[in-house]
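Please keep the sequence and the structure in view while reading.

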Amino acid sequence: MTSAPPSGKPRRVTPLRVTLVVLSLLAFALYRSSEFFTEYLWFDQLGYRDVLLTRWGTSAVLFLVGALVFGAALYAAISLAHRYRPIYPPLTREDILLAQFRANVEPMRKTVTVVVPLVVAIISGIGLAGAWQQVQLLINQTAFGVTDPVFGRDVSFYVFTLPVLEIITLSLRTLCIFAFVANGISHFFNGAIAYRNTKLTFTKAARVQLGILATVFVLLQAASYWLDRYALLNTRHQRFAGADYTDINALLPAYTILAFGALVVAVLFVAWIVKDDIRLPVTGVGIMVVSALAAGVAYPYLVQNFQVKPNERNYEKPYIARNIEATRAAYGLDKVEVKPYAAQTDAKPGALRSDAQTTASLRLLDPNVVSPTFDQREANRRYWGFEQTLSVDRYRFDGQVHDTVIGVRELRPDRLQLDKDSWLNRHIIYTHGFGVAAAYGNKRNPDGEPAFFESGVPSNGKLGEYEERIYFGKRSTKYSIVGAPEGSAPQEFDYQSSTGDNAKQVNNTYSGNGGPSLGNLFNRIAYAIKMRDINILISGYVNESSQILYNRDPQKRVKEVAPYLSIDSGAYPSVVNGRIVWIVDAYTTSDKYPYSQPSNLEGVVSESRDSVLRSREGGDINYIRNSVKATVDAYDGSVKLYAWDTKDPILASWQKVFPGALRPVSEIDGELMSHLRYPEDMFRVQRAVLGAYHVTDPEEFFVGQDFWQTPADPIKNKKKKAAEAGAGLALQSPYYLTMQVPGQESPRFSLSSSYIPRDGQGVLSGFLVADSETGADKGKVADSYGKLTLLQLPSGNTVNGPGQVQNTFDADPEVGKVLNLLRQGDTTVIQGNLLTVPVGGGLLYVQPVYVQSNGSGSYPLLQMVLASFGDKIGFATTLDGALDQVFGGDSGANLGDEVVGGEAKTVVDIEGGSAVANGNDTKQPAAKPKEGGAKPAPAPGTAQERLDASLKQMQEAMAEADKARQAGDWAAYGNAEKKLRDALERALAAKKEIGG
C-alpha cells in the first residue's frame, strides 16, 4: 500500500494538473478573444469601428497606467522593506520568535511580493479603465460660457475637470494607504519596527520609507481639501442644492484652513524623517484630526444652528436664488413661458366653436388599451404581435395631418414559444416581423374597432409601398442567421398569402447588410463560441453568404454605438421614405452642474412608465439635454445619429472625441423631420423639476406653499389591488395630442401634462405644454419646437384636477347605471386615458370607455365617451354627443370623433327635443317644439317600458356578440355590436325622458 505524503509537504505537481491548468487558461483566452473579435466585427459592420477603437484604446492606456502605478508602488513598498531589513542576531525572546516566523514564511515571501502587487494592479487598472469617458471629456472639454457665482469658474471645470481631479486624488490616496500598510507590515516582520522598553522604535530605513509615504498622503489630503471647496457647489440640503450660507461662510474657510494645515503636517512628517522623534508625526496626526473636527464639524454646526436657523429664510435667500437660476438653466426651463390662465367653468353653448380643430383632433384611441385589438385584428398569425403600449405619431395624407396610433407587427418568440422549438425554427426560419398597422387617433368603426388606414399582410393603405420586413425590433430573437447565395431556395418564413384551403406560405431570403458575415470558418468559430452554439459551426444552413443578426433591440444598438448617451426608454416606429425606422431620443446628462437641483432620472421616469431610462452617471442627474436624435432601420439595423442640440457643450465635447460619428441636422430630410417629436422622458424630468421651480421668488420657494406635483393616474391606480396598498402611486403619463394652446395661431402636435398642488388638494394648478412640432423641411427645425408653455391657474380656482374628475365620473349615478349595464354578462368596462385640453376658455376632460368580453380572444371596443367641463358631465356614444350634453346642446365643435365605414348615431335630448350626431356629417342642432304645436309622437309604451325593453335587448345583443366572437363569425359579431349600440342609445333616451 502506498503511504500518504508526510504532513506539511507540498503536493507534487503532476503533468495532469499542469495540463488542466493550461487548458483552462487557453479556454478562457479563447472565449475572451472571441468576445473581442466578434465585438470588433459588429462595430465594423455597423460603421462605428472608430468608436470601439477609441474606447478600447483609452481604456487600455488607463488600465496600463493604473496597473503600473499601483503595481510598481506596492512592489517597491514590499521589496524595499525587505532589502533594507536590519541584520542582527535576536536578543530577546520576542526577537527569537519573530526570527522563527520569518524563517517559516520565507518560502512564501517572494510569491507574496509578486502576487499581491499583481492582483492589486489588475483590480486598480480595471477600475481606472472604467473612467475612460471622464478622461476623454477632460481632454476634449468645451466651455459652457457660464460661470459659477462663488469662484467665477466656467461650469466646464465642474463637469469635466473636477471629476477627474477627484478620481486622481482618491486613487493616489488609496495607493498611499495600501503602500503604507504593506511597507509597515514588511518592516515589522523584518524587525525594522519594534516595541522595546515601552517605546516604538524604527530603523532609519523604515522611518524614511514610511515618512515619505505619509508625507505624500498628507499632501494629497491637502489637495483633496482644496478640491472639496469646489465640490461644495454640489452639496445637497433639505430645501435646495448648492452651497448655502453655512457652506460659504463656515465650511469654505474651514477647507482652506485644513488644506494649509495639511501642508504643515507634511512638514512635520519630513522633520520626522530627518530627526528620529515619534512625537512629530503623532503631533501632526493630532493636528489634522482636531482641525477637521473643529473647523470642519463643530464650527459649521454652531453657525448653522445658532446663527442661521433662527433667521434661515433671510440667510438662505441669495443661495436659493442661485439654486433656482442654475436649476432652471440646467434642465432647459429658463425659457418657459408662463401664462396666467383664468380657466372658465361655465359650459356655455357654442363655447368650443373657436377650438373646433383642436376638438376634432382629440385622440380617443388609447394606445395603452387598444393593443389587444390590434393583436386580434392585425397580428394575422400567432407568431406576430404588437407591443403592449402602442406609439402615437402623425402622418400627412389626403391633404391633412392625422394623429395616429401605430404599432409594429413584430415576431413574438414568447408567443410562438420558440425557445422550446428546434434550432432551425429559432434561428433560420422565423427571423422577422412584417409591416405596421396604423389607425386614426380620432376615428373608429361603427362597432368600436379602430379605423385602420394601414393594415393587412402584405400592407395596404395610405402609407404607400415600403419595406415591410422587420429584422430589428424590441422583440427580436437573440440572433438569426440570414442570407443565401443567389438562386438558392428561400428558407425564411415571410407570410401566408391567403387563408383557408388556399393558404400558401411565402418564403424570403434576406438581401440587406445587417450583420457580420459568417462566410468564413474563422468567423463561424468565433460566433459559435460567443453564442455558445455549436450549430453555427456545423449547420448546413450556414453558407458563404450568411450573416448573423444580433443586438437587435433599437435602443441597445444606439447605446452600443454611443455609450456616452443616456437612452430614452421609449423607441417608436415610423414609416419614412419607404422604410420602417425606429426613432430613439438620446440625452447628454451630468450630475456636476453647480447649484442645480439633482433628480433621480430612473425614478422620475419609472413612476409612470414601465421601461426605465438610466443616466450615464448611473444615479441622479442635475443637467440634461436632448442632444441626439437617432434612427435604427428595421430592415438592416443601420444606426444614424444626428447632433440635435448643437449648443450643448457636452455633446460638442463628444464630437471632438468621435469626429464623424454624428451627422448634422442638415442631413435630416423633410419626411423624417416630420416624425420627430419632443422626447417623453425628458418632459417627465422637466415637469417634475418645474413642479417646484416654477416658483422663482426665493422667499416663496423657501416656504414651499406653492409647490406642485404631477397627479396620480386615476385609471392605473384604480387597478391596484388591496394587497398593493402602500405602494407608490403611478403618476399620470404625459400625452401627445394636436392642440392649440392659448396664444398659438394654429393647433400644434404637443406633449402635455397637468399639475395639482403638492399639499394634497386635487384642484388643477397648472398645465404644461411642450411644442412637439418639428416641421417638415429638410435640415430645418421649426422655430417653435421645444417651446414650453405653462398655463398657471390662479390660486383659489375651482377647476377640478384629473383625480377629482375621475371621481365625478365614477360617482355620477347615470354614468354608473350605464356602465353597470355594459358590465352585465361576460364583459368588462375599461376606462381609457383621461385627456386634458385647454379649450373654450377653460379645461376640457375627455375619456374613452371601452367594452371587452372576458372570453379568450376578446379585445376592447370603444363604445362610449365621457366628457367634463367645469361641473358639467356628458356621456354618449360619440364625443360630439358627450360635448353637446356638456355645453347645453351645442358645443360648437363640428367634427369630434368621426366614424368611418358606417354611422354611429347619438341621440341627445335637449329640453324635450332631440339631435342626431353623425361622425361623418355636420350635425344639426336639435329643433325645439314650437309653442302650441304638435309634439313628436313618442315611441310605443311608457318611457319605463322602453327602458326595460332596451336593457333586455342590450343583454341579448351582448350574448349574440359573445357567441359570434367564439365562432369566429365577424359579420355576425359586427351586427350584434350594432344592436348593442342601438339598444344602448334607446336606453339612454328613455332614461333621459324619465328624468335622469
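The side chains of Asp277 and Arg279 come together in a salt bridge, with an N to O distance of 2.9 Å; the term salt bridge is used where a side-chain nitrogen of Lys or Arg lies within 4 Å of a carboxyl oxygen of Asp or Glu. Asp277 is buried, having a relative accessible area of 13%, whereas Arg279 is exposed at 59%. Here buried means under 20% relative accessible area, exposed means over 50%, and partly exposed covers what lies in between, computed with a 1.4 Å probe on protein chains only.

The model is predicted, so local features need a pLDDT of at least 70 and side-chain atom pairs count only at pLDDT 80 or more, while totals for chains, interfaces and linings use all residues. Residues are numbered from 1 along each chain as its sequence is written, and side-chain values use heavy atoms, with hydrogens and water left out.

**Salt bridges**

A search of the whole structure gives 26 salt bridges.

| Pair | N to O distance |
|---|---|
| Asp277 and Arg279 | 2.9 Å |
| Asp398 and Lys462 | 2.9 Å |
| Arg579 and Asp633 | 3.0 Å |

Asp398 is exposed, with a relative accessible area of 53%, and Lys462 counts as partly exposed at 39%.

The salt bridge between Arg579 and Asp633 likewise links distant parts of the chain, with Arg579 in strand β19 (residues 579–590) and Asp633 in strand β22 (residues 623–633), 54 residues apart. Arg579 is partly exposed, with a relative accessible area of 26%, while Asp633 is buried at 9%. Elsewhere, Glu337, Lys339 and Lys787 are linked in a network of salt bridges.

**Strands, helices and contacts**

The chain holds 27 helices and 36 strands, and of its 996 residues 52% count as buried. With contact taken as heavy atoms within 4.5 Å, residues 24 or more positions apart account for 68% of the contacts in the chain that have a separation of 6 or more.

Strand β14 (residues 492–496) has five of its five residues buried, so β14 is largely enclosed by the rest of the structure. Four bridges join β14 to strand β15 (residues 505–508), and the two run antiparallel; strands are said to pair if DSSP finds at least two bridges between them. Within this pairing, Tyr495 has Val506 of β15 as its bridge partner.

Among the helices, α27 (residues 970–994) contains Ala990, which is buried at 2% relative accessibility. When its neighbours within four places in sequence are left aside, Ala990 is in contact with Ala943, Arg946 and Leu947. The C-alpha atoms of Ala990 and Leu947 are 5.3 Å apart in space, although the two residues are 43 apart in sequence.

**Cavities**

A cavity is a set of points, on a 1 Å grid over the protein atoms alone, where a 1.4 Å probe fits but cannot get out, and its lining residues have an atom within 4 Å of a point. Grid points are joined across faces, edges and corners, and a volume is the space filled by probe spheres set on the points. By this rule there are four cavities of 30 Å³ or more.

The largest cavity has a volume of about 70 Å³, and its lining includes Gln344, Thr345, Leu843 and Tyr845. That lining divides into five nonpolar, six polar and no charged residues, where Ala, Val, Leu, Ile, Met, Phe, Trp, Tyr, Cys and Pro count as nonpolar, Asp, Glu, Lys and Arg as charged, and the others, Gly among them, as polar.

The second largest cavity has a volume of about 50 Å³, and among its lining residues are Gln732, Tyr735, Phe767 and Leu834. The elements giving two or more residues to this lining are β26 (748–757) and β30 (835–837), and β26 gives the most, with three residues. The lining of the second largest cavity divides into four nonpolar, six polar and no charged residues.

Terms used
On a 1 Å grid over the protein atoms alone, a cavity is a set of points where a 1.4 Å probe fits but cannot get out, and a pocket is an open set with protein on both sides within 12 Å along at least five of seven lines; lining residues have an atom within 4 Å of a point.
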